[in-house]
Every structure is written in C-alpha cells, then in structure tokens.
Amino acid sequence: METLEGLLHVLKFLFWALAAHLFHYRQNFYHWSLWVPVISIYFLAANLFLAEFYGANWVLTLLAITLVSVIVTNLWGAYLHWDGVKSRVGGDNVHNHMVGPPVILPLIVATVATIDLLRLLQGGIN
C-alpha cells in the first residue's frame, strides 16, 4: 500500500471510530456492548497504521484477526441498531430510522473492513 493511501485509509477508520465513540457516548454507554465497536475500530486504525510501516507477518496476521473481529461486531451492531429502531414507538418505519440508531453505519464499516480483508488475503495490503 502506498503511504499516502494507507494513511488516508487509517484516518478513515480513525474518524469512524470517533463517530462511533460520539454516537455511543450520546447514549452514555448504557450497556457494555456499546464499547465493542469503539475499541475494535480504534484498534483496527492502529493496526492498519502499524501494517503500513512495519509489515511483519505477525502484524498482518493480527490485522486479519482484527478485520474479522470488526466485521463480525459491526454486523452484530447493525442487527442491534435495527432491533433498536423496531423497538421505538411506531416500530420499523422511516421516521424511526432517521431518529433512531443508525443501521447503515455499522454496515458501511463492515463492508469496508470486508474489502480490506479480501485485499489483505490477496496480498494487496503491504
């Protein structure tokens, strides 16, 4: 991965981690599971940064494990967000999707992490 592209990629995940942190902070982290995507995406950003400058096998293995973890936790998060939308007054409707937990955000993170995992498995990262 070229350095500028890699650093922008790290920043993308860092900004998503910050967004997840702020959204979950808004809910006062009322349940421990709200910490999982925040910590995992920050960890992924740090791991991507490390892989950009130090591409040892153990770093790339750790990156693969982290990507799988981020994919799984964000798919689970999308389910929890959708369940949260459905539990609002009026159920699963457009208004509740606009004001409730954002179902699409964890799906975006899971999709991009899946693309990164495929790139890593094909040798495209570092």
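**Figure 1. Confidence across the elements of a predicted model.** The model is predicted, not experimental. Averaged over the chain, pLDDT is 90. A score of at least 70 is reached by 97% of the residues. Where pLDDT is low, the predicted coordinates should not be read in detail.

Figure 2. Five helices and zero strands make up the secondary structure. From the N terminus, the order is α-α-α-α-α. The C-alpha trace spans about 50 × 25 × 25 Å along its principal axes. Of the 126 residues, 37% are buried. Among contacts with a separation of 6 or more, 61% join residues 24 or more positions apart.

**Figure 3. Helix 3 crossing helix 5.** The pair shown is helix 3 (residues 57-86) and helix 5 (residues 104-121). Their axes come within 8 Å and cross at roughly 155 degrees. Angles over 145 degrees count as roughly antiparallel, so helix 3 runs roughly antiparallel to helix 5. The crossing is left-handed.

**Figure 4. Residues in the contact of helix 3 with helix 5.** Helix 3 contributes Leu60, Leu63, Ala64, Leu67, Val68, Val70, Ile71, Asn74, Leu75, Gly77, Ala78 and His81. Helix 5 contributes Pro106, Leu107, Val109, Ala110, Ala113, Thr114, Asp116, Leu117 and Leu120. By class, the contact holds 16 nonpolar, four polar and one charged residues.

Notes
Residues numbered from 1 in each chain as written. Predicted model: local features only at pLDDT ≥ 70, side-chain atom pairs only at ≥ 80, totals over all residues. Heavy atoms only, no water. Axes fitted to C-alpha atoms, helices over the stretch in contact; angles between N-to-C directions. Helix = DSSP H or I, 4+ residues; strand = E, 2+ residues; numbered from the N terminus. Parallel < 35°, antiparallel > 145°, perpendicular 65-115°, else oblique. Left-handed = near helix turned anticlockwise from the far one by under 90°. Contact = heavy atoms within 4.5 Å. Nonpolar A, V, L, I, M, F, W, Y, C, P; charged D, E, K, R; others polar. pLDDT = per-residue confidence, 0-100. Buried < 20%, exposed > 50% of the residue type's maximum accessible area, 1.4 Å probe, protein only.
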